[in-house]
Amino acid sequence: DIEMPVMNGIECYSEAVKAHPEIKDRVLFFTAYDEIENVNFFKKNGLRYLLKPAHLSEIKKSVADIIEKKR
C-alpha cells in the first residue's frame, strides 16, 4: 500500500529493493491512492499496481503473472 505508518509504500519498496535487489520486479502495489505522482512512479519503474477495491480475479491474475515471470 502507499499510505502506511512510519514510512509510505514507495519508501518501503525503495528500501526493500536496496536490501534485496532481486525482488524489484516481484512487488504488487495495492492502493486506494491513485495520485498522479504515485502512478508515475509505478509506470516509470515498471511496477504492477492495483487500485482498491480490486476484484479477486484481478488480484489472482496479478500475483500469477508475478510468479510466472520468475520461471
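Student: What should I know about the model and numbering?
Tutor: The model is predicted: local features need pLDDT of at least 70, side-chain atom pairs count only at pLDDT 80 or more, and totals for chains, interfaces and linings use all residues. Residues are numbered from 1 along each chain as its sequence is written, and side-chain values use heavy atoms, with hydrogens and water left out.

Student: How many aromatic pairs are there?
Tutor: There are 5. Rings of Phe, Tyr and Trp (its six-membered ring) pair if their centres lie within 6.5 Å; planes under 30 degrees apart are stacked, over 60 edge-to-face, and the rest tilted.

Student: How do Y13 and F41 pair?
Tutor: Edge-to-face, at 6.1 Å centre to centre with 85° between the planes. Y13 sits in helix α1 (residues 9-19) and F41 in helix α2 (residues 36-44), so the pair ties together parts 28 residues apart in sequence. Helices (H or I, at least four residues) and strands (E, at least two) are DSSP runs, numbered from the N terminus.

Student: Are those two buried or exposed?
Tutor: Y13 and F41 are buried. Buried means under 20% relative accessible area, exposed over 50%, partly exposed in between (1.4 Å probe, protein chains only).

Student: Which residues make up the aromatic cluster?
Tutor: Y13, F29, F41, F42 and Y49.

Student: Where does F29 lie?
Tutor: In strand β1 (residues 28-31). F29 has 4% relative accessibility, so it counts as buried. Leaving out residues up to four places away in sequence, its contacts (heavy atoms within 4.5 Å) include Y13, F42 and Y49.

Student: Switching to α2. Which of its residues are buried?
Tutor: N38, V39, F41 and F42. Seen down the axis, they fall within an arc of 155°, so they line one face of α2. The arc is that of the directions from the helix axis to the C-beta atoms.

Student: What covers them?
Tutor: The cover includes α1, β1 and β2 (48-51).

Student: And which exposed residues are on the face turned away?
Tutor: I36, E37, K43 and K44.

Student: What does N38 touch?
Tutor: I2, I10 and Y33, not counting residues up to four places away in sequence. N38 is buried at 8% relative accessible area. A polar atom of its side chain lies 3.3 Å from the backbone oxygen of Y33.

Student: What comes just after α2?
Tutor: G46, with a positive phi of about 65°.

Technical notes: A polar contact is a pair of N or O atoms within 3.5 Å; within protein, one must be able to donate a hydrogen and the other to accept it, and residues adjacent in sequence count only if both atoms are side-chain atoms.
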